[in-house]
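Open the model in your viewer and keep the selection panel at hand.

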Amino acid sequence: MTNSTSIVLLALARRIEDELGAALAPLDLTVRRLGLLGHIAGVPGASFSELARMSRISVQSVHGAVKALVAAGLVRDLTARAGSASTIELTERGEDLLREAKRIAAEVDERLFGPAADPVQRQVGKAVRAAFRLSEA
């Protein structure tokens with residue numbers, strides 16, 4: 001057993017990402033793609049640079065990801081012309097997918113941190129919700 005908080009949290013984070021990734025797979029959605037959709041929905045008018053900062057990926061990666069999301073019909077890029085500021089927004093299909101993904105994430109939260117979860121994980125979930133003022137799962 002380690003005494004490192006970082007290592008314990010990384011191990012738990014990997015488990016969460018694995019569970020969430022598996023639950024999102026039927027939607028053809030990854031955790032990273034879900035995060036990007038959430039940022040686009042939550043920060044209207046965010047630039048590619050802002051999306052990159054929020055997602056902790058390169059601007060080039062955001063451009064590629066947004067292009068893929070546009071091709072999938074999940075977002076639209078209302079860029080007037082090359083070099084101008086972009087307005088990226090979810091399409092109705094993207095909003096529906098994000099809503100379903102949030103429902104699935106809530107199920108994963110319940111499984112990992114709800115009343116039937118390991119007592120330590122329940123404590124972690126409670127502490128995270130309190131620290132970030134999140135509602136109960």
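Predicted model: local features only at pLDDT ≥ 70, side-chain atom pairs only at ≥ 80, totals over all residues.

Select Asp-28, in the loop between α1 (5–24) and α2. Helices here are DSSP runs of H or I with at least four residues, numbered from the N terminus. Check the backbone: Asp-28 is not a glycine, yet its phi is positive, about 55 degrees. Most residues other than glycine have a negative phi.

Residues are numbered from 1 along each chain as its sequence is written, and side-chain values use heavy atoms, without hydrogens and water.

Next, select Arg-56, in the loop between α3 (48–55) and α4. Its phi is also positive, about 60 degrees, and Arg-56 is not a glycine. Arg-56 is exposed, at 75% relative accessibility.

Now show α2 (residues 31–42) with α4 (residues 59–71). Their axes, lines fitted to C-alpha atoms over the stretch in contact, come within 11 Å and cross at roughly 85 degrees. The angle runs from 0 to 180 degrees between N-to-C directions. The two helices are therefore roughly perpendicular, a label for 65 to 115 degrees.

Finally, display the side chains of Arg-33, Leu-36, Leu-37 and Ile-40 in α2; they meet Ala-65, Val-66, Ala-68 and Leu-69 in α4. Contact means heavy atoms within 4.5 Å. Of the contact residues, seven are nonpolar, one is charged and none is polar.

How values were computed. Parallel < 35°, antiparallel > 145°, perpendicular 65-115°, else oblique. Nonpolar A, V, L, I, M, F, W, Y, C, P; charged D, E, K, R; others polar. Buried < 20%, exposed > 50% of the residue type's maximum accessible area, 1.4 Å probe, protein only.
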